[in-house]
Each structure stands twice: as C-alpha cells, then as structure tokens.
Amino acid sequence: MSLLLVFWDAGEYIATSAKLQVGHPPGAPFFQMMGAFFALFATSPEKVALMVNLMSVFSSAFTIVFLYLSLTLILRKLPSFKSIETPREAITFFGSAAVGALAFCFSDSFWFNAVEAEVYAMATCILSALFWLALRWENDMNTPHGDRWLLLIAFVIGLSFGVHFMGLLTIPAIGMLYFFKNTKQVTLKNFIKANLVSVAILLFIFKLLLPSTLALFSKMEVFFVNQMNLPFNSGTIITGILFVVFFYFTLKYTRQKNYVNLNTSILCILFVLLGFPLGSCFPFVPMRIR
C-alpha cells in the first residue's frame, strides 16, 4: 500500500473514488466515477489503491496513443511524407511519430503523473484526445460531414469539466487550426484577431456558459420549491424542459433559414452541455445515494 499512495491528494482520490464520496473543491466527479469502476475489479480491499492507480496508467497509455496519431497527421503535411510508397519511407514516417510520442512518454513529469491516482493523467489524456480530434476536424473541415468532429470536440470539452480544466487549453490551438486552414493571407492584424476570438470562446465556456447554467438550475429549483411550493426537483425538471424547447426551436429555425454557422454554433453549445452533466455531479449524486 505504501508503494501506491503518495502523501498528497492521491490518497483522498483513492478513498473518494472507491466509496463515491465528495472530494475537495472544485471536485472531479467523472474521475471519481471512473475510479469507482476500476475499484470494482479489486480482488480485496488491499487492492483498491492498485486498481485506482491503474486508471492513471491506462489514461497515460491512451495519451501516448493519441499523441502518436496526432503526430502522424502532422507529419502528413510535410512534403516528404505526402506519399509513402517504399518500406524505407514507411519506417521513417511511423518511426518519427513513435519517437516523438515515446519521448513524451518517458519524460519525468508525465511518468510521475502516470503512476499515481491523480487527475492529471486523465486530464492529459483528454487534452491529447482533443488535439487529435481537432486535427481530424481540420482535415475534414470543408467536407459535408466534417463538423461531426467539432461536435465531438464540444462534447469532450464538456466532459473534461468532470476531471480538470486542462482540456480547455486546446481551444486556442483549435482556433489556430481553423484560422490557418481558412485564411489565405495571414497578417499580424487577423492573427491577433483570431487569438482574441479563441480566448473569448475559452472564457465564454469556462466563465459564462457552464457556471451560469448551474446557477440557473439552482435558482429555478429554489424559486419553484420555496416560492411556488412545488415538490423537490420540480425546478430542475422545468429548467431541463425549457432547455430542450430552446434548443429544439433554435436548431429548427436556423436549419430552415440555412444559417449554417449559427446552427453549428448552437449545436456545439448543446454538445458541451450534454457532456458536462455526464461527467459532472448530475449522475454522481444519484449513484452516491444508491
């Protein structure tokens, strides 16, 4: 047990994951729910810490997989790798991606996070997955169904709030991918403008969208229970219905008017809000009560 438990948050995360308890603010409910799933495979109470630690091991392994896949997409943009026809070219291409991924794998800070029950291993996995998804979106951006990658990115961003806010750091990078893909002439002015827009999107999600959504649910619940004398959860149910009605009619209207960009933006907000409850306290509370 002493080999698996370091003297900081890891011990708390092991205990709160195994018992589905409340961790220190701001909390990591998705991490703890996944930790509870891994703890189910412990053959004895002494093995619980090992299994929760293994969650970080698996997360770190998938981080390197996504990093390798991202490097293959980036290397494809080099003139030397536009076409791979000979075994030598294949070894150079895939070997370069493998060396780059493994260089990060054996770095000190990454390896340290990979062997303890902390949120940073899973957060790094989400970060690398988001960047790979962004590169896939960049490749298919101007195709009929290319925006499906963008919607998946939005969903994973919402999910990442249940682990760590680190995943949001990919938003400026995603903005730069979109900028360089669709800008014919790059100038200092439009480059700065693109950076400001990317940061504005990040702040909108982090500071406005999700906190305001939680505050709205809270205020509506208090209003309908305390002021209207309705049963518990009535405010939450009514607010959920209002959200469904809002997104249904706005998506229907923008589709009828062929407002493609606005329709996609609303869909992205919807997928962020869908990912956030699944990785947050909404499923965590009833699971804990049960």
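K181 and E138 form a salt bridge, with their closest N and O atoms 4.0 Å apart. A salt bridge here is a side-chain nitrogen of Lys or Arg within 4 Å of a carboxyl oxygen of Asp or Glu. The pair links distant parts of the chain: K181 is in helix α8 (residues 170-182) and E138 in helix α6, 43 residues apart. Helices are DSSP runs (H or I, at least four residues), numbered from the N terminus.

A quick word on what you're looking at: this is a predicted model, where local features need pLDDT of at least 70 and side-chain atom pairs count only at pLDDT 80 or more, while totals for chains, interfaces and linings use all residues. Residues are numbered from 1 along each chain as its sequence is written, and side-chain values use heavy atoms, with hydrogens and water left out.

Back to E138, which has another partner. E138 also forms a salt bridge with K77, and here the closest N and O atoms are 2.8 Å apart. E138 lies in helix α6 (residues 119-139) and K77 in the loop between α3 (48-75) and α4 (87-105), so this pair ties together parts that are 61 residues apart in sequence. A search of the whole structure finds two salt bridges. As for why such pairs turn up, side chains of opposite charge can pair when their charged atoms come close.

How open are these residues? E138 counts as buried, at 8% relative accessibility. K77 is partly exposed, with a relative accessible area of 38%, and K181 is partly exposed too, at 34%. Buried means under 20% relative accessible area, exposed means over 50%, and partly exposed is in between (1.4 Å probe, protein chains only).

Helix α6 also has a packing story. α3 and α6 pack at an angle of about 25 degrees, their axes 8 Å apart; the axes are lines fitted to C-alpha atoms over the stretch in contact, and angles run from 0 to 180 degrees between N-to-C directions. That makes α3 roughly parallel to α6, a label for angles under 35 degrees.

Now for the surface. F180, V186, L188, F191, I192 and L196 form a nonpolar patch there, with about 590 Å² of accessible area together. Patch members have over 30% relative accessible area and no salt bridge, and nonpolar side chains are joined within 5 Å; the areas come from the Shrake-Rupley method with a 1.4 Å probe. Helix α9 (residues 188-227) gives the largest share, four residues. F180 lies in helix α8 and is partly exposed, at 47%.

Definitions and conventions
Helices (H or I, at least four residues) and strands (E, at least two) are DSSP runs, numbered from the N terminus. Patches are made of residues with over 30% relative accessible area and no salt bridge: like charges are joined within 9 Å, nonpolar side chains (Val, Leu, Ile, Met, Phe, Trp, Tyr) within 5 Å. Angles under 35 degrees count as roughly parallel, over 145 as roughly antiparallel, 65 to 115 as roughly perpendicular and the rest as oblique.
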